[in-house]
There are 2 protein chains.
Amino acid sequence: MRLPLFVAAIAVSVGSVAADPLPSWHEGDAKSRILEFVEDVSDPASANYVTPADRVAVFDNDGTLWSEKPVYFQLLYALDRLAEKAKDDPSILTSDVLKAAASGDMEAVAKSGEEGLLEIVMVSHSGLSVPEFQADVADWLKTAKHPTSELAYTEMTYQPMLELLRYLRDQGFETYLVSGGGIHFMRAFVEDAYGVPPENVIGSAGKTRYEVVDGVPTILKDPGIAFVDDRAGKPVGIDSKIGKRPIFVGGNSDGDFEMLEWATAGDGPRLGLIVHHTDGEREWAYDRDSHVGKLVRGLDEADTRDWLIVDMAEDWKRVWSGVSD
Amino acid sequence: MRLPLFVAAIAVSVGSVAADPLPSWHEGDAKSRILEFVEDVSDPASANYVTPADRVAVFDNDGTLWSEKPVYFQLLYALDRLAEKAKDDPSILTSDVLKAAASGDMEAVAKSGEEGLLEIVMVSHSGLSVPEFQADVADWLKTAKHPTSELAYTEMTYQPMLELLRYLRDQGFETYLVSGGGIHFMRAFVEDAYGVPPENVIGSAGKTRYEVVDGVPTILKDPGIAFVDDRAGKPVGIDSKIGKRPIFVGGNSDGDFEMLEWATAGDGPRLGLIVHHTDGEREWAYDRDSHVGKLVRGLDEADTRDWLIVDMAEDWKRVWSGVSD
């Protein structure tokens, strides 16, 4: 059937205005591939149709949904919180790395390696109930500013990824976070920031304990690590919490490699996406040699595995949600 | 306003037919209290209105949603599976309790206590990938029969509780399982049996490991316990997986005590429910002295804590889903 010209023109114009769910993405291969994949799996007439219950999308957080430089924002929170705790009770600073951290000696903290960081996180994150801890994180996020951008941390979420999350949900996907960051830290802000509810947060977890404290049933954050949701821990965490194999997966570092590998090796249509930090002007440019967000295998194997590399500088019109074009 | 009699009659008749979401519950205090609670929290005009995102309902499984006598059904599966595995490879029977279990010597198994049971579950449940294991459980459930009722195990789910689960979901609740049973065991059947999807299953968990096996990304079940979702572990598991405090909670034994205590101590309207096994004729009658489903504190404190005791013999017209009135 041929439509009268004016009808076709209206259809195209209404269609294109109403239909761009990813306005902060430049037209190009990355955007097209995302749109085509999502349309394909949500179209009941498509051979690749996936029932809504199986439209599971998982995303790493640090470096994928918000920035992670100079270090993970959770570590910056941990340092602030440790300094504050030490003011009340200096005896908690039982090691050199804790003393260095509380005094803001970032060089010494950096040198202490993973073990030192873990110690800082454990000491700073324990001793509160879960609601108290989450309120403390929320308070910190309200006032703390990033050391170089001077933005609030939640202004450093990626606008194009916020659009992608919303688009996926609008198309019947369930969106989850799968992060090396702590679940209670994330739950303090991800519902507001990403529209991801607490029950869709998978992350690393400190030990917690149930206890009736002065007659009040309480869940307390203890020192000690219950689960590390990184690398091979990510598929394990997804299986444990969701029990389904995601069909859409987004990450940015080799910490996401196993999750990408497992999810995209399943039957049927799958899309694996890697955010590549190529934009030294608007954000940071880093990959193979970075101490956070190190990306080597992902870059080397994306092509053969048919993963989509998103080039931040080329593919995104806008980076941070808190900074307009 | 007074309605003409025939209009009122129609309204009552249509209303009562269409409106009874719990047909297998006798009219009485238990049923009324459930209906009133659910109506109250889902009515936007009520002072006790709860937004759908916070209408979280959690249920124990063994003894709350299906039977648990003579022992947890998962243990019966473990025994069958162990005997089968031992046929292929008798060398897996490395201890007396494993040998007893594989030969069906239930008395020796019972005497081995919790440690023995754990050993049986670990050896029988490990060595498969998660999908293989779940397929094996599903196969077993298709053919296995209960030793005394001779019903399939999924026919021994409680019809009144199935109605309650459906009713809660119809009223905007999200329903979760919070069971001492294994997550992968439950995921093999709970979506069909209860309408509870895999992502809403919280349970005990064996260790799992991600590995690429002959080129295939796989999640494997290892021996060893990752999490025990019982007693004080239940609130911890709920916090970890859901991150919200449930407002409706159902259990049947002291293994559910802490979950009931924590959930019902929250602000606002809460309903805690205990299924009391009082029906020796249609099911089993047990509480304080039972080795499974032992219920002491729950009975002693239900009154002061305002928990609802459901009397199976008195409150339920029908017990098992597989047996009509």
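A residue counts here as buried if 20 or more other C-beta atoms, placed from the backbone, lie within 10 Å of its own, as exposed if 12 or fewer do, and as partly exposed in between. The model is a predicted one, with local features needing pLDDT of at least 70, side-chain atom pairs counting only at pLDDT 80 or more, and totals for chains, interfaces and linings using all residues. Residues are numbered from 1 along each chain as its sequence is written, and chains are lettered from A in the order in which they are written.

Chain A comes to 14 helices and seven strands; helices (H or I, at least four residues) and strands (E, at least two) are DSSP runs, numbered from the N terminus. Of its 325 residues, 44% count as buried.

Now for helix H7 (residues 130-143) of chain A. Its buried residues are A:Val130, A:Phe133, A:Gln134 and A:Val137. They sit on the same side of H7(A), because they cover an arc of only 95° around the axis, going by the directions from the helix axis to the C-beta atoms. On the other side of H7(A), exposed residues are A:Asp139, A:Lys142 and A:Thr143. The cover over the buried residues includes helix H3 (73-88) and strand E3 (201-213) of chain A, along with helix H11 (233-241) of chain B.

That brings in the interface, where 26 residues of chain B are in contact with 27 residues of chain A, contact being C-beta atoms, placed from the backbone, within 7 Å. H11(B) gives the most to the side of chain B that touches chain A, with five residues.

How values were computed
Two residues are in contact if their C-beta atoms, placed from the backbone, lie within 7 Å.
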